[in-house]
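Trainee: I'm new to this one, so please walk me through it.
Mentor: Have a look first, then ask away.

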Amino acid sequence: MNDGGKGAEPAARSKRADARRNEETLLDAAASVFVASGVEAPVRDIAAKAGVGVGTIYRHFPTRADLIIAVYRHQVEACAEAGPALLESSETPYAALTRWIDLFVDFLVTKHGLAAVLQSDNGGFDTLHSYFIDRLQPVGTQLLEAAAAAGEIRPGLEAYELMRGVGNLCIGADHDPRYDARRLVALLIAGLRHPR
C-alpha cells in the first residue's frame, strides 16, 4: 500500500531524535571525562563512559578538536537552557541564580581545559568565546534582574562583570588542591545579597 511517503516521516523524526539523544550522551560522557582527566583523556575512556565503541565517537567527531568544540557548545547550550528552567522551578530568583552559578562553575572547570587546547586556533577560539558570551550573558542578566526585582540582591549588577568575576575565581583551581574556587564563588554570590 502506498501512503505517499507519509508513513516514513514519523520514523525519520524518531530516528533524528534518537540520534540527537545519542550525541548528547556522547557529549555528556566526554565532558565528564574531560573534567576528571583533562581534554587529552583517551577516547576509549569517553567511549566506555558513554557505553559505545570508539568507532562511534570517531564517526560523530573525526578529530579531537571536533569533539572538544562540540562539548564546549553542548555545555554552553545546557547552561543557557538551565537559567530560565531554574528561574521557573526554584523557590526564589536568588536560589535560581545560585544554582545557575554552580552550573556555570562546572562549565568553567571544563572550559579552562578546552581553552588551553583551542588556543592554537585563535580565530576558532575567539568565535567560541563570542558564542559563549552571546548565549550566557543574557541568561545571567535575566537571573540578576529577577533577583533584584524580588529585592533579594542589589540592583544594577552586570552579568558580564559577575561572569568574569566567577571565571577569574575559577582560574587555577585545578592546579592547587588548597584552593577552593567553589567556596570563594559562594562568598561572591552571598555578597550580592541586598543589605538588610
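Trainee: Is Glu161 buried or exposed?
Mentor: One caution to begin with: this is a predicted model, so local features need pLDDT of at least 70 and side-chain atom pairs count only at pLDDT 80 or more, while totals for chains, interfaces and linings use all residues. Residues are numbered from 1 along each chain as its sequence is written, and side-chain values use heavy atoms, with hydrogens and water left out. Buried means under 20% relative accessible area, exposed over 50%, and partly exposed in between (1.4 Å probe, protein chains only). Glu161 has a relative accessible area of 55%, so this residue is exposed.

Trainee: Which helix holds Glu161?
Mentor: Helices are DSSP runs of H or I with at least four residues, strands are runs of E with at least two, and both are numbered from the N terminus. Glu161 sits in the helix that covers residues 159–170, which is H7.

Trainee: How far apart in space are Glu161 and Gln137?
Mentor: Along the sequence, 24 residues separate Glu161 and Gln137. Going from C-alpha to C-alpha, the distance is 9.6 Å.

Trainee: Okay, zooming out: what pattern does the protein chain follow along the sequence?
Mentor: The protein chain has 8 helices and 0 strands. Reading along the sequence, you get α-α-α-α-α-α-α-α.

Trainee: What share of the protein chain's residues counts as buried?
Mentor: The protein chain has 196 residues. Of those, the buried share is 35%.

Trainee: How many salt bridges does a search of the whole structure find?
Mentor: For a salt bridge, a side-chain nitrogen of Lys or Arg has to be within 4 Å of a carboxyl oxygen of Asp or Glu. Searching the whole structure with that rule, the count is 2.

Trainee: What residue makes a salt bridge with Glu77?
Mentor: The N to O distance in this salt bridge is 2.8 Å. Glu77 is partly exposed at 23% relative accessibility. The partner side chain belongs to Arg135.

Trainee: Why does that pair tie together separate parts, and how many residues apart are they in sequence?
Mentor: Glu77 belongs to helix H4 and Arg135 to helix H6 (residues 122–149), so the bridge ties together parts with a sequence separation of 58 residues.
Arg135 is partly exposed too, with a relative accessible area of 30%. The separation you asked for, again, is 58 residues.

Trainee: Which residue forms a salt bridge with Asp106?
Mentor: Asp106 is partly exposed, at 36% relative accessible area. In its salt bridge, the closest N and O atoms are 2.1 Å apart, and the partner is Arg182.

Trainee: And how many residues apart are Asp106 and Arg182?
Mentor: Asp106 lies in helix H5, while Arg182 lies in helix H8 (residues 181–190). The pair links distant parts of the chain, with a separation of 76 residues.

Trainee: Which helix gives the largest share of the negative patch?
Mentor: Patches are made of residues with over 30% relative accessible area and no salt bridge, with like charges joined within 9 Å and nonpolar side chains (Val, Leu, Ile, Met, Phe, Trp, Tyr) within 5 Å. On the surface, Glu23, Glu24, Asp28 and Glu81 gather in a patch of negative charge. The largest share, 3 residues, comes from the helix spanning residues 8–37, namely H1.

Trainee: What is the polar contact distance between the side chains of His74 and Asp28?
Mentor: A polar contact is a pair of N or O atoms within 3.5 Å; within protein, one must be able to donate a hydrogen and the other to accept it, and residues adjacent in sequence count only if both atoms are side-chain atoms. His74 is in helix H4 and counts as buried at 17% relative accessibility. Its polar contact with the side chain of Asp28 comes in at 2.7 Å.

Trainee: What residue's side chain does Ser90 contact?
Mentor: Ser90 is in the loop between helix H4 (64–89) and helix H5 (93–118). Ser90 counts as buried, at 10% relative accessibility. A polar contact of 2.7 Å joins its side chain to that of Arg99.

Trainee: Last one: is Phe132 buried or exposed?
Mentor: You'll find Phe132 in helix H6. With a relative accessible area of 4%, Phe132 is buried.

How values were computed: Areas by Shrake-Rupley, 256 points an atom, 1.4 Å probe, with all protein chains shown as cover. Lys, Arg positive; Asp, Glu negative; His and termini not counted. Charge placed at Lys NZ, Arg CZ, Asp CG, Glu CD.
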